[in-house]
Amino acid sequence: MHMWFWFDVNLGSFLFPGYNVTTLWGLVATCLGLAALAVLYEGMKVNHIYLQQITITSVPRTNSSSSENLSLLSKMTPKKFRSYTRCRSCFKWTLEVLHWSLHTTLGYILMLAVMTYNAYITIAIVIGGCLGYWIFGLTLVQLNMQRFRHKPEVECDKNCDDISTNQQRRASIVSVVAEQLVTEATIEFHSQNNA
């Protein structure tokens, strides 16, 4: 096994027993196949975001008036999420998990191919990854920006409204105190300069 990059057509048994690459055309076909898998790997990233959006939009909002935890994040309890996942969106969640498994497996196969240290294989995978990013990269960036810009609507109950009001009061109190401190510091500075 090579521990450095090497250029040779004869790969021998490649990744799987019985898949022997010994000719130039065998190497070219293997490189084209691996480049296509690298393009597919990049495309699967976009599909994964779409699947996540489908799964997330199918989860209902909960109206919990629990006063145990005043955090907005506690409005969806793990118990309700688990029961919903089991009952109503099991197919969507299973599809997302299968997609993630295939994506991860494909990534490991590409990594193992690169770890043969054959320069031709590595170049083919890098070119395939670049081509895949050229095709799917803009869509991937746009989807990620939409996901981070989108602010989910939160239905406030009495606890939520109280939290929001208290945070606004604290912010205004802090700004008044900060303004007073700046004014006092300015007065002290001017009075020391005048003396």
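These legends walk through several close-up views of one protein model.

The model is predicted, so to speak, throughout: local features need pLDDT of at least 70, side-chain atom pairs count only at pLDDT 80 or more, and totals for chains, interfaces and linings use all residues. Residues are numbered from 1 along each chain as its sequence is written, and side-chain values use heavy atoms, with hydrogens and water left out.

View 1. From the N terminus on, the order of the elements is β-β-α-α-α-α-α. Helices (H or I, at least four residues) and strands (E, at least two) are DSSP runs, numbered from the N terminus. Of the 195 residues, 24% count as buried; buried means under 20% relative accessible area, exposed over 50%, and partly exposed in between (1.4 Å probe, protein chains only). The accessible surface comes to about 14400 Å², and 66% of it belongs to carbon and sulfur atoms. Such areas come from the Shrake-Rupley method with a 1.4 Å probe, and for residues only the protein chains shown count as cover. Among contacts (heavy atoms within 4.5 Å) between residues at least 6 apart in sequence, 75% join residues at least 24 apart.

**View 2. The largest nonpolar core, with 15 residues.** A core of this kind is a set of buried Ala, Val, Leu, Ile, Met, Phe, Trp, Tyr and Cys residues joined through side-chain atoms within 4.5 Å. Leu 11, Phe 14, Leu 34, Ile 121 and Ile 125 have the most contacts inside it. Helices H1, H3 and H4 each supply at least two of the core's residues, and H1 gives the largest share, 5 residues. Take a look at Ile 121: beyond its neighbours within four places in sequence, Ile 121 is in contact with Leu 11, Phe 14, Leu 27, Thr 30, Cys 31, Leu 34 and Ala 113.

**View 3. Met 44 and His 99, in contact with each other.** Met 44 sits in helix H1 (residues 24-57), while His 99 belongs to helix H3. Both residues count as buried, Met 44 at 10% relative accessibility and His 99 at 13%. Not counting residues up to four places away in sequence, Met 44 touches His 99, Leu 102, His 103 and Leu 106. With its neighbours within four places set aside, His 99 is in contact with Met 44, Asn 47, His 48 and Leu 51. Met 44 and Trp 100 are 56 residues apart in sequence, yet 8.8 Å apart in space, C-alpha to C-alpha.

**View 4. Aromatic pairs, of which the count is 3.** Rings of Phe, Tyr and Trp (its six-membered ring) pair if their centres lie within 6.5 Å; planes under 30 degrees apart count as stacked, over 60 as edge-to-face and the rest as tilted. Phe 5 and Tyr 117 form an edge-to-face pair, 5.6 Å centre to centre with 75 degrees between the planes. Phe 5 lies in the segment before strand E1 (12-13) and Tyr 117 in the loop between helix H3 (90-114) and helix H4 (119-149), so this pair ties together parts 112 residues apart in sequence. Phe 5 is partly exposed at 49% relative accessibility, as is Tyr 117 at 24%. Phe 14 and Tyr 19 have ring centres 6.3 Å apart and planes at 55 degrees, so their pair is tilted. Phe 14 is buried at 4%, whereas Tyr 19 is partly exposed at 37%.
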